Amino acid sequence: MKNPLRMRNNTKKLDQLTSMRFFAALMIVIQHSVVLGLFGISNFGLPLAQGVSFFFVLSGFILTYVYPKLETWLEIKQFWRARVARIWPAYLASFLLGFWLLHYQWDNKIAAANLLMVQAWMPKSAYYFSYNAVAWSVSAEFFFYLAFPVILYKWNKNWLFKLLFSGAILISLIVLTNRLLLPAYNPPDGPGALLVDQAGVLYISPLSRIFEFIFGMCVALAYRRGGRVKWSTFTATSYELAVIILCVISMYEIKFIAAWIGQSVLGASAAHWVRHSGSMFVFGLLIYIMAHGRGKISEALAHSFLVVLGEISFSLYLIHQILLVYYNINISEFPRLSDPLAFSVFISVLLLSSYLMWTVIEMPGRRLIIGHQKIHGTAVMTKSWQDHLALSWKPILAGLVLCCVIGFIYITMKKPNFISQKEAVNITPASLKGYAGASFGNLFTLRGLDIKCDAGGLNIKLAWESKVTQKLYRTIAIHLINDAGEILGQADYKQSFKKQDVEQGGIWLDTLLIPADKLNGNMKKLAIGIYDASNTLLLIDRNNTDWGGHRLIIPVDKCLGKS
């Protein structure tokens, strides 16, 4: 039977746009590394999370370019099937990976929302940032896929109305959030997790983000109507370089524009949207210019190596935060490396893992779902994606290298540093003697502790004694708080990466450093707790606690040079 989603032979493959997906995904990886305070890297004041806005604009462009018409119900069904095949295999794999590495707690409603890819449709952080938090954007994208056939109907005639209508929806949501005085954000582990917030309405909700998607569709329409431009190589390269610089300037200046808007009649809600999506118009211009492929930069981006990086960017995006969070909570167990080397190792593991997910899960799963229907993609993927599958030498080599890297990391992971009770007592200065001996849930005793400050940050030593024979699998909560008990910074860590067995009476020393750049001027106290896989904190037998006796509170204002 003839394929209803016929891909015209004269439709040019825009491989350079696929490569750009990798750089947008890398922006988000860097941003999340900065948020977690890992690897000592900086975003240089750029809101790199706007890479998500680039994805939405690019998605609208690519879908309109590939599917200029969906004329029958059969074509629409085949389109939806192809879209589910595009995202579901890797999406499900990342969902399961998160359960394996981060021990997510199952909740029927939230899990169902995630598996159905509708968690972003509910503007509550308990849903949209549940499990693998970055998957919210896939949920929004899924909404766009469902709406695309309707939006595409008579697109050449009514595109302006649909763009303005989606803009009107966005403005209505901004006005509504201002009128309702919604908080900017409710953390998913806080008391307001089931309440609506600005982030859920203006940053997460597909109703607000579909404006970017439809704008991308408009860029595709302009590209098709404009035909082949007659730019020289020099002129095209100049345009490409200029628009890249313009994107950087836009992302840098957008925070100042957002602050100005926040003081205007448009209010905080409009500022919230601008901070996260304000560069969408410049991104559209970037896509338009790069799509022509006339300059040296777009020519370089169409190189097969960069195209493959672009192909694996979806898997990379889905798993990067899982790996970052896993590293962060187990950081005390990993070998101490310089920040550049640690970041290089992380990127290597991320790239190899993403490539393997693409070859053995994403692409085979896609083929399984769509059957014999033609897979549209880049020239690299269309001609040779089968060459990347499990029986070829490329994924085998990638798997071997990944195993070697992970194996080396594993064997160099730290084991608990067992010490004597006398050593535990000796590390505790007189000013902290009153906190030693605190019992946590009849499972652990804090036998000794020391907290020192230097130019590098806050150095913490904690000597723990096990009151029973057990495995070390729990998490130590380290919170830096203000006088009200609000968390201003934290450095939680796992007791043992390898779930080490420890006998009753065993004492070991944990050491960690909270870098200076993670210290906040309002921090006054250190809060220590221990929680298990169900996020239940152990009860502490001391008076100097909060949260109903579940966090031990230690003043650190003198250490931080405060009165």
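A salt bridge is a side-chain nitrogen of Lys or Arg within 4 Å of a carboxyl oxygen of Asp or Glu. The model on display is a predicted one, and a search of the whole structure finds 10 such salt bridges. Three of them are visited below.

**First stop: Lys296 and Glu299.** Select these two residues and display their side chains, which form a salt bridge with an N to O distance of 3.6 Å. That distance falls within the 4 Å cut-off, so the pair qualifies. Both residues belong to helix 13 (residues 296–301), where they stand three residues apart, or about one helical turn. Lys296 is partly exposed, its relative accessible area being 49%.

**Second stop: Glu212 and Arg209.** Next, select helix 9, which covers residues 206–226 and carries both Glu212 and Arg209.

Finally, select Arg86 together with Glu362, whose side chains are joined by a salt bridge of 2.8 Å, N to O. Arg86 is found in helix 3 (residues 73–102) and Glu362 in helix 16 (residues 339–370), so this contact ties together parts that lie 276 residues apart in sequence. With a relative accessibility of 11%, Arg86 counts as buried. Glu362 is likewise buried, at 1% relative accessible area; both values are under the 20% limit that defines a buried residue.

Methods
Residues numbered from 1 in each chain as written. Predicted model: local features only at pLDDT ≥ 70, side-chain atom pairs only at ≥ 80, totals over all residues. Heavy atoms only, no water. Helix = DSSP H or I, 4+ residues; strand = E, 2+ residues; numbered from the N terminus. Buried < 20%, exposed > 50% of the residue type's maximum accessible area, 1.4 Å probe, protein only.
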